[in-house]
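Subject: The structure we talked about

Hi there,

Here is the structure, ready for you to open next to your notes. Have a look at it first, and then read on for what turned up.

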Amino acid sequence: MGTHLILVTLLSLCSLSFSQECIQELLENVDLPGTDIKVLYSPDVKHCQQLCTQHPSCRFFTFIRPDWTKDNRHFHCYLKSTDSGQPNVKTPLPGVTSGFSLKTCEPHKRDCYPQVYQDLDFLGADYRSLFTADYQECQRICTHDPGCQFFTFVNEVFTPQEIRYKCHLKFSWRLPRIPIIEKNFSFVSGFSQKAEITQYFDTACPGKLLSDTDIVGSNMEMLLAISPEQCQTFCSAHPLCTYFSYSSDDFKCYLKNNPNKMVTRSMEGVTSGMPERFCQQDNSWVKDVYERIDFRGSEIGYELMVDEDMCQKKCTKDPNCQFYTYIPDLISPHWRRCTLKRVITMPAPPKVTKLPNVVSGFSLKDCVQIHI
């Protein structure tokens, strides 16, 4: 009984979940200088604020608006943080808008961005292009294409005229990508059970994997994955991935692109396979608990929990948590610490630039109230 009371007291004292108040007000023409932790691109200040909200460490931000005149840093989104959660200084500065993370505000549904942006190019991340009559059709195609998160459409007066009416479909990751995976005997790690991994289909995927097999070359992107099954999930989500190879020694998942040929070779400790699309994947890897594994970094807070099952339930209940790490080892000074973690998964163009006679926007997949 005494131990239980002590643990309850520690739970109330040791939580590092964000405690700052919910501040939704935007500060127009106000800079919050310094304390930058990351610079991304956003088409507007609301998108920048959501990037800050999803970033595990961001507490506040400054967005460089299109009317900024000092240099060409338009659409830069500066994510910022301090130990107190408050900016050290506020400075008047025309052409910028600042604000705060919405982490502490009421949980909201998945982000919907119905606005389109005239004369803005979402540069890069293209995986497919086609010709459409207008930007509305381009956006509809993006919405119905599983891989598309945003688009850029070239209108009827663009120069050169050879690419007028061209619709560029673009990809960004909606699956959580763990930045660091390490072997550590003191840790146990796992995933939120509410993680949205794939769509639901009646037909089960074959789940075919090629053990002790490497697919040679054609590397497109390297991610970290806890298992070959998670690597296959990444490959299935990326529209350009034609196959993959996974190295169990260092958790490296190599996504590959070559639609013309696939050359394999025998290699111990490497598992390869093809993407699984339009069928129900076996996502049992999400439910597994990974002993002696640390998903390092990306912390959004911690609490003391009696065991790893309670930690997983805590992560699943928290709308911001995507994965977690728990320390069951009695020897560790951080014994029973359950650390909740997340990364940015909202649609995020790699670059935003001004370009006359184009229109850019986002998929409306998350705008359930909008008929498309």
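Before the cavities, a word on terms: on a 1 Å grid over the protein atoms alone, a cavity is a set of points where a 1.4 Å probe fits but cannot get out, while a pocket is an open set with protein on both sides within 12 Å along at least five of seven lines; lining residues have an atom within 4 Å of a point. Grid points are joined across faces, edges and corners, and a volume is the space filled by probe spheres set on the points.

Please keep in mind that this is a predicted model, in which local features need pLDDT of at least 70 and side-chain atom pairs count only at pLDDT 80 or more, whereas totals for chains, interfaces and linings use all residues. Residues are numbered from 1 along each chain as its sequence is written, and side-chain values use heavy atoms, with hydrogens and water left out.

Cavities and a pocket

There are two cavities of 30 Å³ or more in the structure. For the second largest cavity, the volume comes to about 50 Å³. Its lining consists of Asp111, Cys112, Tyr113, Gln149, Arg174, Pro347, Ser363, Lys365 and Asp366. Sorted by class, that lining has four charged, three nonpolar and two polar residues. Here Ala, Val, Leu, Ile, Met, Phe, Trp, Tyr, Cys and Pro count as nonpolar, Asp, Glu, Lys and Arg as charged, and the others, Gly among them, as polar.

The second largest pocket has a volume of about 590 Å³. It is lined by 25 residues, and the closest to its centre are Lys38, Leu40, Trp173, Arg177 and Ile344. The lining of this pocket divides into 20 nonpolar, three polar and two charged residues. Strands S2 (36-41) and S13 (219-224) each supply at least two residues of this lining, and S2 gives the most, with four. Strands (E, at least two residues) and helices (H or I, at least four) are DSSP runs, numbered from the N terminus.

Six bridges join S10 (residues 180-191) to S18, and Glu182 stands opposite Asp294 in S18.

Disulfides and backbone details

The structure holds eleven disulfides, a disulfide being a pair of cysteine sulfur atoms within 2.5 Å. One of them joins Cys48 and Cys77, with sulfur atoms 2.0 Å apart. This link is right-handed, with 85° about the S-S bond. It ties together distant parts of the chain, Cys48 in H2 (residues 45-54) and Cys77 in S4 (residues 76-80), 29 residues apart.

Most residues other than glycine have a negative phi, and most peptide bonds are trans. Ala125, in the loop between S6 (116-123) and S7 (126-131), has a positive phi of about 70°. Thr159 and Pro160 are joined by a cis peptide bond, with omega about 10°; Pro160 is found in the loop between S8 (150-154) and S9 (166-170).

Best wishes

Definitions and conventions
Two strands pair if DSSP finds at least two bridges between them.
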